[in-house]
Amino acid sequence: MNIFSRFGCRVYQGIMFLAAKALDFSPREIISGNFAPEELAKKLSLHHASRPFVLIDPFIEKSGMAEPIISSLSSEGMKVVTYSDIVPNPTVDSVEKASDKYVAFLCDCLIAIGGGSTIDTAKAVAIKVAYPNKKLSDFKGVLKVHRKLPILIAIPTTAGTGSEVTLATVVVDSKKKDKFAIEDPKLIPSTAVFYPKLLSELPPSLIASTGMDAFTHAIESYIGKSNVKQTKEDALKAMVLIHRYLLKFQSESKNEAYALDMLEASYLAGRAFTRAYVGYVHALAHALGGEYNVGHGYANAILLPYVLRSYGKSIETKLAEISDRLELVPKSYSKDEKARNFLAYLDNLLLKLGLPDSFDGLIKEEDVPKLAIHASKEGNPLYPVPKEMGARELAEILRKADKSLRRPK
Ligand SMILES: [Fe+2]
């Protein structure tokens with residue numbers, strides 16, 4: 001990327017940083033730990049809502065784990081409509097189908113019980129019902145939602161996406177193979193409920209990928225240039241929790257204390273990046289998700305070490321700070337040693353979680369240029385990354401991240 005483009009990006013990010021001071025990022029309400037399902041009906045009544053549209057992950061619905069929540073809503077006199085036709089990467093079509101049902105049943109509020117896809121679908125449904133005559137793609141980008149949205153209560157059943165606290169929803173336009181983000185503080189759910197029982201049956205692979213999504217949120221927001229004191233602290237606290245509990249939770253998903261620790265980590269990392277943004281790991285993962293429908297956390301996990309290494313010296317101090325907070329090596333080590341050690345720690349963490357260290361044939365060489373352009377358009381000028389890169393540099397990262405594309409040395 002040339003010097004003029006870099007300068008333009010930094011000016012844009014500076015303006016966004018100042019504009020963000022006028023926006024309401026304040027954390028909404030959290031209900032954690034001793035949650036009584038009856039509380040939900042009372043919350044909705046406070047907002048004069050009585051006809052909840054409950055979007056529920058199909059696996060959670062089948063397992064019956066959310067039954068106490070649904071039946072308590074009904075017994076408190078709520079007219080509940082459930083919807084479980086959730087797709088892993090929400091599409092424009094799937095959102096429209098859900099919003100048609102919301103309208104047909106005269107619903108007046110939303111409850112999302114599921115992972116990032118379910119909560120993101122609920123956010124997109126909220127936009128669609130507030131703007132029935134507009135296309136979702138009209139809201140692509142930042143600060144395009146001006147109308148009041150229905151109340152949304154988010155009950156995450158995975159620990160990682162942070163969608164229960166973020167201002168973003170990510171939707172795929174399958175026809176255009178475009179995965180786009182809509183970002184607006186109006187999308188932050190009004191209440192996030194942490195109910196660890198719902199996480200007890202999570203498969204280890206999903207715990208790994210969603211946990212690494214949270215780690216990526218924390219790292220990308222921490223190394224970015226739009227941090228404030230609060231986002232730095234949130235990101236570091238999230239990283240400490242992930243460092244201590246992700247592997248433990250993966251081997252013992254029924255342990256409610258570990259589930260709550262990881263829910264808190266996900267929440268803190270989500271709160272950090274919703275104010276301080278993500279970076280090129282997410283931009284590239286979104287491009288891969290749109291093209292190949294690869295899981296978001298999985299793509300982030302694999303891309304993370306490659307993107308961090310490509311930032312080089314520009315993140316050395318920040319990685320050394322993270323290393324100190326995680327107490328990976330003695331504080332007397334040099335910055336360079338701490339940074340290198342953190343990257344080695346990350347490689348090792350992926351290995352222990354059972355995640356691969358590269359893609360293997362997922363990315364096709366002929367797709368690389370357009371994937372890199374997609375990522376560059378998403379990341380530039382919006383993301384306040386530590387080192388600006390254009391499509392050419394991002395293409396090189398993709399080639400390194402898929403071993404089938406590596407050139408012989
Ligand atoms: Fe993410």
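This is a predicted model: local features need pLDDT of at least 70, side-chain atom pairs count only at pLDDT 80 or more; totals for chains, interfaces and linings use all residues.
Residues are numbered from 1 along each chain as its sequence is written, and side-chain values rest on heavy atoms, with hydrogens and water left out. Local features need pLDDT of at least 70 and side-chain atom pairs count only at pLDDT 80 or more, whereas totals for chains, interfaces and linings use all residues.

The chain is divided into domain 1 (23-199) and domain 2 (202-405), with bounds that come from an automatic or database domain assignment. Between the C-alpha centres of domain 1 and domain 2 the distance is 25 Å. Across the boundary, 29 residues of domain 1 are in contact with 31 residues of domain 2, contact meaning heavy atoms within 4.5 Å.

The iron ion comes next. Its protein donors are Asp-213 (OD), His-217 (NE2), His-282 (NE2) and His-296 (NE2), at 2.2 to 2.3 Å from the ion. Donors are N, O and S atoms within 2.8 Å of the metal (3.2 Å for Na, K and Ca); water is not among the atoms, so sites may look incomplete. Along the chain, the donors of the iron ion have the spacing D-x3-H-x64-H-x13-H. The angles among the four donor atoms run from 83 to 169 degrees, and the site is irregular. For comparison, four donors count as tetrahedral if all angles lie between 85 and 135 degrees; four count as square planar and six as octahedral if opposite donors are over 155 degrees apart and all others between 65 and 115; anything else is irregular.

Asp-213 and His-217 lie four residues apart, about one turn, in helix H7 (residues 204-223); helices (H or I, at least four residues) are DSSP runs, numbered from the N terminus. Asp-213 and His-217 are both buried, that is, under 20% relative accessible area with a 1.4 Å probe and protein chains only.

The largest nonpolar core has 107 residues, of which Ile-113 and Met-212 touch the most other members. Domain 1 (23-199) and domain 2 (202-405) both contribute residues, so this core lies between them. A nonpolar core is a set of buried Ala, Val, Leu, Ile, Met, Phe, Trp, Tyr and Cys residues joined through side-chain atoms within 4.5 Å. Beyond its neighbours within four places in sequence, Met-212 is in contact with residues including Leu-246, Ala-301, Leu-304 and Leu-355. Apart from this core lies another, of 30 residues, among them Val-95, Tyr-102, Leu-110 and Ala-124.

Aromatic rings complete the picture. Rings of Phe, Tyr and Trp (its six-membered ring) pair if their centres lie within 6.5 Å; planes under 30 degrees apart count as stacked, over 60 as edge-to-face and the rest as tilted. By this rule there are nine aromatic pairs. The rings of Phe-215 and Phe-342 have centres 6.5 Å apart and planes at 85 degrees, so this pair is edge-to-face. Because Phe-215 lies in helix H7 and Phe-342 in helix H13 (residues 335-353), the pair ties together parts that are 127 residues apart in sequence. Phe-215 is buried, at a relative accessible area of 0%, and Phe-342 is buried at 0% too. Phe-342 also forms a tilted pair with Tyr-345, at 5.9 Å centre to centre and 35 degrees between the planes. Elsewhere, Phe-53, Tyr-83 and Tyr-102 form one aromatic cluster.

Methods
Helices (H or I, at least four residues) and strands (E, at least two) are DSSP runs, numbered from the N terminus. Buried means under 20% relative accessible area, exposed over 50%, partly exposed in between (1.4 Å probe, protein chains only).
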